[in-house]
Amino acid sequence: MRRPLPWPGCRNARDLGDLPGIRDRALIRSEGHERLTAEGRRALLAYGVSRVIDLRLPAECERLPSPFARSPVYRNVSVLGPRDILLAGMGADLAEIYRVILDDFAAYVTSAVAAIAQAPPGGVVVHCHSGRDRTGLVTALALRVAGVSRTLVAEDYALTAAHLGLEEDADDTARAHFEQTRPETMLATLEHLDSRYGGALPYLLGHGMREAEGRALKGRICADLLT
């Protein structure tokens with residue numbers, strides 16, 4: 001199992017450069033940064049990060065502000081749009097919730113992936129609250145555009161459960177979702193993406209991403225391409 005990055009106050013930060021064909025320090029996923037210590041914040045920036053993309057709803061960002069909110073590296077690009085909404089109300093299980101997000105919030109999801117391509121030179125950190133659902137979808141799309149296999153994308157997704165564990169006070173829904181944080185959940189999601197939209201890149205291009213941004217995304221994170 002890949003070990004999290006040593007950013008104090010962050011348990012689920014991992015460099016996706018560990019995956020075949022992905023450039024080191026180009027794309028990093030994590031949970032929210034509210035608990036980052038001062039040392040953790042310094043470690044994140046020292047890692048070469050030029051952009052922090054916060055996928056949370058605006059209301060979430062107001063309740064638990066990012067420590068980078070006033071920094072030029074920070075962008076809030078909500079995957080679920082501007083209105084407060086609960087993931088748990090979207091479906092009976094995580095796979096269904098992810099399908100709803102892909103289908104009903106496609107323009108917002110695409111904007112989040114495009115934000116990776118639009119970032120200044122340097123590493124991009126993508127996060128939501130726990131770093132599982134919204135972060136999992138956005139990084140999965142980016143990795144599939146870069147050519148990472150569905151199996152490896154799904155295995156990376158499932159690492160969040162191992163890194164974060166289950167909170168002691170978790171309710172029944174949280175426990176059920178924790179148990180569903182398995183490769184099979186992401187594999188089902190990617191099957192839906194492929195069968196309905198023809199894959200990650202056609203999905204993104206069909207919902208607002210420009211072809212130049214698609215090329216920029218590949219150039220940014222693929223180890224065998226120059227930016």
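1. Start with threonine 181, which sits in the loop between H7 and helix H8 (183-197). Helices (H or I, at least four residues) and strands (E, at least two) are DSSP runs, numbered from the N terminus. Threonine 181 counts as buried, at 5% relative accessibility. Buried means under 20% relative accessible area, exposed over 50%, and partly exposed in between (1.4 Å probe, protein chains only).

2. Before going on, some ground rules. This is a predicted model: local features need pLDDT of at least 70, side-chain atom pairs count only at pLDDT 80 or more, and totals for chains, interfaces and linings use all residues. Residues are numbered from 1 along each chain as its sequence is written, and side-chain values use heavy atoms, with hydrogens and water left out.

3. What does the side chain of threonine 181 make a polar contact with? The partner is the side chain of arginine 132, at 3.4 Å. A polar contact is a pair of N or O atoms within 3.5 Å; within protein, one must be able to donate a hydrogen and the other to accept it, and residues adjacent in sequence count only if both atoms are side-chain atoms. Leaving aside neighbours within four places in sequence, threonine 181 is in contact (heavy atoms within 4.5 Å) with Leu94, Arg132, Tyr157, Ala158 and Ala161.

4. Arg132 comes up again at the largest pocket. Its lining has 41 residues, and His129, Ser130, Arg132, Asp133 and Ala174 lie nearest the centre. Two or more lining residues come from each of helix H2 (58-63), helix H3 (94-104), helix H5 (133-145), helix H6 (150-164) and helix H7 (172-179). H7 gives the most, with four residues.

5. The volume of the largest pocket is about 1,300 Å³. On a 1 Å grid over the protein atoms alone, a cavity is a set of points where a 1.4 Å probe fits but cannot get out, and a pocket is an open set with protein on both sides within 12 Å along at least five of seven lines; lining residues have an atom within 4 Å of a point. By class, the pocket lining has 18 nonpolar, nine polar and 14 charged residues.

6. There is one cavity of 30 Å³ or more. The largest cavity holds about 40 Å³ of space. Its lining residues are Leu102, Leu137, Ala140, Leu141, Met186, Thr189, Leu190 and Leu193. H8 supplies the largest share, four residues. By class, seven lining residues are nonpolar, one is polar and none is charged.

7. Asparagine 12 lies in the segment before strand S1 (14-15). Asparagine 12 is buried, at 0% relative accessible area. Its side chain makes a polar contact with the side chain of arginine 14 (2.5 Å). Beyond four places in sequence, asparagine 12 is in contact with residues including Ser130, Gly131, Thr160 and His163.

8. Alanine 26 is in the loop between S1 and strand S2 (27-30). Alanine 26 is buried too, with a relative accessible area of 4%. The C-alpha atoms of alanine 26 and alanine 223 are 9.2 Å apart, although 197 residues separate the two along the chain.

9. On annotation, UniProt places "domain: Tyrosine specific protein phosphatases" at residues 103-143, in an unreviewed entry. Over residues 103-143 the chain is 63% helix and 12% strand, with the end C-alpha atoms 19 Å apart.

Terms used. UniProt positions are given in the numbering used here, feature names are shortened, and annotations may be inferred rather than shown by experiment. Grid points are joined across faces, edges and corners, and a volume is the space filled by probe spheres set on the points. Ala, Val, Leu, Ile, Met, Phe, Trp, Tyr, Cys and Pro count as nonpolar, Asp, Glu, Lys and Arg as charged, and the others, Gly among them, as polar.
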